[in-house]
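Q: Can you walk me through this structure? I'd like to keep it quick.

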Amino acid sequence: MKAGDLRRALRDALMIGALLWLAVTAAYVRDRNKDATQRALRHAQAAAELIAAGETPPTPTAAAAIVGAPVASKQHGFLRRRVAHTAAGPRPLGGPTAPAVDKLLYDAAGRFDKDGPFVAMLPDGSERAVAAVATARGPAIAITAGPEPRAPVPWLAVVGHLGLMLVLVGVGAVLGGRARGVGVAAGLATWAFPAYLAGGPGLALAILAVAAAAGWAHATGATDRAIAGVRAHKVALSFLAPAGVAMIVLVVVPFAVGLALGFYDHHHGRWTFVGLANFKRILTGDGHALSDPLNFWFILGVTLAWTFVNVILHVLFGTLFALILRQPWLKARGLWRVLLIVPWAVPNYITALIWKGMFAGEYGAVNSILSGLGLDRVSWFSSWATAFSANVATNTWLGFPFMMVVALGALESIPKELEEAAEVDGASSWQRFKEITLPHLKPALGPAIVLGSIWTFNMFNVIALVSGGKPGGSTDILVTDAYRWAFERGEQYGMAAALGTIIFLLLLGWTLIGRGLTKGDEEARP
Amino acid sequence: MIRGLAIAALCAAAAACGRSDAAVTVWHAYDKDERAAIEALAADWNAAHPERQVELVAMPYDGFGDKLGSAIPNGNGPDLFLYSQDRLGDWTAAGVLEPIEFWIDDATAARFTPEALASLAYHDALWGLPVAVKSLALFVRTDLVPTPPRTTDELLAMAPALTARGSFALAYPVDDLYAHAPWLHGFGGHAMDGDTPTIATAEAVAAAGFARELVQRKVVPAEADAALTATLFAEGKAAMAISGPWFIADIPAGVPYTITTLPTVSATGLAAAPYLGTEGILMSARARDKDAAIAVALAFTSDAAAARRAERAGQVVPNPAAYRGALADAPRLAAFRKQLAHTVPMPVSPAMRAVWTPYKNALGQVVSGAASPAAALEKAATDIATYARTEGAR
């Protein structure tokens, strides 16, 4: 036996043991609180039954009384008074300076009238219980005085247990060979006993499984390698840690919560698990005709049309402006370039609000120009085609600079010699565009198109601010519809989350396809 | 040295926690004058009650209701908050609110007009004390319209002359149910009957048809939202506007205007009746010290406090005894108080929340001529039923 073996065995046992200790402690605290709650409920119930029988409860109570039926005020039916009959005689409940405990009696009587006899914890976190049982004169109500005493923490048992674990691990290490792993597993497995007492067989089994895995990992040297790995990359890991934590808090957790919410229904602040019902409602169109903007497939169609039209226009205008900016005859090129990037630099909701104003019916700039030209004014947001066009016009204005910048970068990378050689060889300008410029643009534009289509697919600001879904929600896209589920249709957060999940899956699929497409391009590159 | 610092830090932390624990936190979404008025009341309370301070927290109005609904059940909300009564149905069902009738006797209730207090009652309990009542009324530019119209026929008759001068006779957000409600009620319709939406009724169809007539005869601009309404009225491009007390702050100095009651609907002889919103001070079900909270709520709604709010912020307060001295005949307050006689309490039912957006879509379709009033409202009724079905499922 080597001293190193014992040290490594104790190290592994203590590391995993600390995690198991946390789990067992959490189960223990939960069990102890549950026990205290049950005692509080029993005391309240017993006290209420004693009052109902006309006796004085022996356990200390904050309030104990038989509360009479409510009498409504003559002027205001909703102002209702009750009288409490206590050992000291009757007293009216309520008024501007009534004691706090009277409010509890009053509320308990109100709950008794609605739900019948009950026993429950007070919702104020004071760990007091309230019970109401029926009597001929009204409910007998008892409220316990405060938190029930809890059993003391068994520190001696904890220390003894820790000792037993270390002894088992140590014996294994001393014996050496196969016994090393068995010792670690056996030492950790001792946690299963308190786990069974506090958390039941499920937790105990889970702990046994962890213990077995830890023993195996120790025996095969997996823990040694993992620790050596962490040691070797200490600096790198410390640099990664802040970003890792930020990713977990800002991305992983909200994402997981969002996925989970899709399986729940939200109503009046309560969440009910409904399985795939939300998804079924969405994917079957929820009983709406296919031409109805409340049907998912209608909105999906609009969203796809919206994305497709926009990306095509972005690429067309972006490439066109990039090509023009490259022309040798263009003066003040820097100025033009800056001007063309301005739409991108302005926050997109500002741009969206400006365009909405320009499309306004009576005083909008677009209609003023139209009527100046002798044309009819158009009520932009009262038909689908015009409202959709207004959205597309706004988003094209917002989107082309990105494609232009990407295209400019790609064009810069075309070697001058290549173009000159083609020119010398007598290629026409169309041939030069087709054979030289376009192949160089493709690999850069591919990823930009995938990215741009995802942005456009989820372009909430333009839809919400320009057309706002008008007319009748028919220009809504999936994200704005998800927003409506959450905030305009009775807080159906579950439906919004399910729609969010569907949007994610659609875009995930598209990204995978898009990656395949652009990869193909790169491989085909000469 | 380090130990001293640590002790000092601990004490500071304890003091900070101690203070915020002892304070009564009040959330509100007031701005400008209303905010100044409520801050003055809080300052008075704090001077008189050093042991139980009030801490006001101003919130942006957008999303205020959602924030309350999610913060309070998680125990992160205020003790008291100011909000209108239209979410009572949701919040009482979700256990957000504390019923307060326990503390209110008839003597205290007598402070308020019975309608205002009753609008904060729901399911045989009282959920708040009224702070202010808000309804729409008619704003009239006296330079363009010397005599305000008393009936809708008079309104229609005025339009051609004003149109010739380049002005609309009237501006309001035509497709917004809240602004459309005066016509709906004036034609004898209602958006809700108890907990049931009543959307495609003959009266509602007539009211929507009237809105379309207003637009088609160029009496009213088709696409005015609240902001455009304010601009048109300020620039004289709309001679009249339908809006509420908050509109006063949007009117530039020098614009001659008066406020009056909305006209009677000629077709029915009924007064156009806007919704009555009652802003109340409501208590969170998770308020930490409910006795202190109710004392603050009572202080903020006393007759003296109401008079100060009316003076400072022009709030239409529901305390009759507050209107003494100069306040008794302040013209703007008087106009809104007069309109109160012709109002319909804003529905409290949770189902109402599902009505706004489909109704807005329907009105938009009707005034643009894309759908007939009957067809558009039928469609809205179906949409609302879709949401109401899940609402009522449990």
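Predicted model: local features only at pLDDT ≥ 70, side-chain atom pairs only at ≥ 80, totals over all residues.

Q: Good to know. How do helix 2 and helix 11 of chain B cross?
A: Their axes come within 11 Å. Helix 2 (residues 32-48) of chain B and helix 11 (residues 290-300) of chain B cross at roughly 125°.

Q: What do we call helices at that angle to each other?
A: Angles of 65 to 115 degrees count as roughly perpendicular, and those over 145 as roughly antiparallel. Helix 2 of chain B and helix 11 of chain B are therefore oblique to each other.

Q: And is the crossing left-handed or right-handed?
A: Helix 2 of chain B and helix 11 of chain B make a right-handed crossing.

Q: Which residues make the contact?
A: Helix 2 of chain B brings B:Ile38, B:Leu41, B:Ala42 and B:Trp45. Helix 11 of chain B brings B:Ala295, B:Val296, B:Ala299 and B:Phe300.

Q: What does B:Phe300 touch?
A: Skip its neighbours within four places in sequence. B:Phe300 is then in contact with B:Ile38, B:Leu41, B:Ala42 and B:Trp45, among others. The list also includes B:Val54, B:Leu56, B:Ile281, B:Ala305 and B:Arg309.

Q: Now the largest nonpolar core. Which residues touch the most other members?
A: The core has 72 residues. A:Ile141, B:Leu80, B:Phe81, B:Ile104, B:Leu126, B:Leu129 and B:Phe300 touch the most other members. Helix 11 of chain B gives the largest share of this core, seven residues.

Q: What other core lies apart from it?
A: Another core has 55 residues, among them B:Ala181, B:Phe187, B:Met352 and B:Val366.

Q: Back to helix 11 of chain B. Is B:Ala292 buried or exposed?
A: B:Ala292 sits in helix 11 of chain B. Its relative accessibility is 10%, so B:Ala292 counts as buried. Leaving aside neighbours within four places in sequence, B:Ala292 contacts B:Val24 and B:Arg52.

Q: Which residues of helix 4 of chain A are buried?
A: In helix 4 (residues 179-189) of chain A, the buried residues are A:Arg180, A:Gly181, A:Gly183, A:Val184, A:Ala185, A:Gly187 and A:Leu188. They pack against helix 1 (3-52), helix 3 (155-175), helix 5 (192-199) and helix 6 (201-220) of chain A.

Q: New topic, backbone angles. What is phi at B:Lys32?
A: Phi of B:Lys32 is near 50°, a positive value in a residue other than glycine. B:Lys32 is in helix 2 of chain B. At 55% relative accessibility, B:Lys32 counts as exposed.

Q: And what is phi at B:Asp124?
A: B:Asp124 is not a glycine, yet it has a positive phi of about 60°. B:Asp124 lies in the loop between strand 4 (121-122) and strand 5 (125-126) of chain B. B:Asp124 counts as partly exposed, at 48% relative accessibility.

Q: Where is the cis peptide bond with A:Pro471?
A: That bond joins A:Lys470 and A:Pro471, with omega about -10°. A:Pro471 is in the loop between helix 17 (460-467) and helix 18 (478-487) of chain A.

Q: Last one. What does A:His288 touch?
A: Not counting residues up to four places away in sequence, A:His288 touches A:Leu294, A:Asn295, B:Asp383 and B:Thr386. A:His288 counts as buried, at 12% relative accessibility.

Technical notes: Residues numbered from 1 in each chain as written. Chains lettered and ligands numbered in written order. Heavy atoms only, no water. Axes fitted to C-alpha atoms, helices over the stretch in contact; angles between N-to-C directions. Helix = DSSP H or I, 4+ residues; strand = E, 2+ residues; numbered from the N terminus. Parallel < 35°, antiparallel > 145°, perpendicular 65-115°, else oblique. Left-handed = near helix turned anticlockwise from the far one by under 90°. Contact = heavy atoms within 4.5 Å. Core = buried A, V, L, I, M, F, W, Y, C linked by side-chain atoms within 4.5 Å. Buried < 20%, exposed > 50% of the residue type's maximum accessible area, 1.4 Å probe, protein only.
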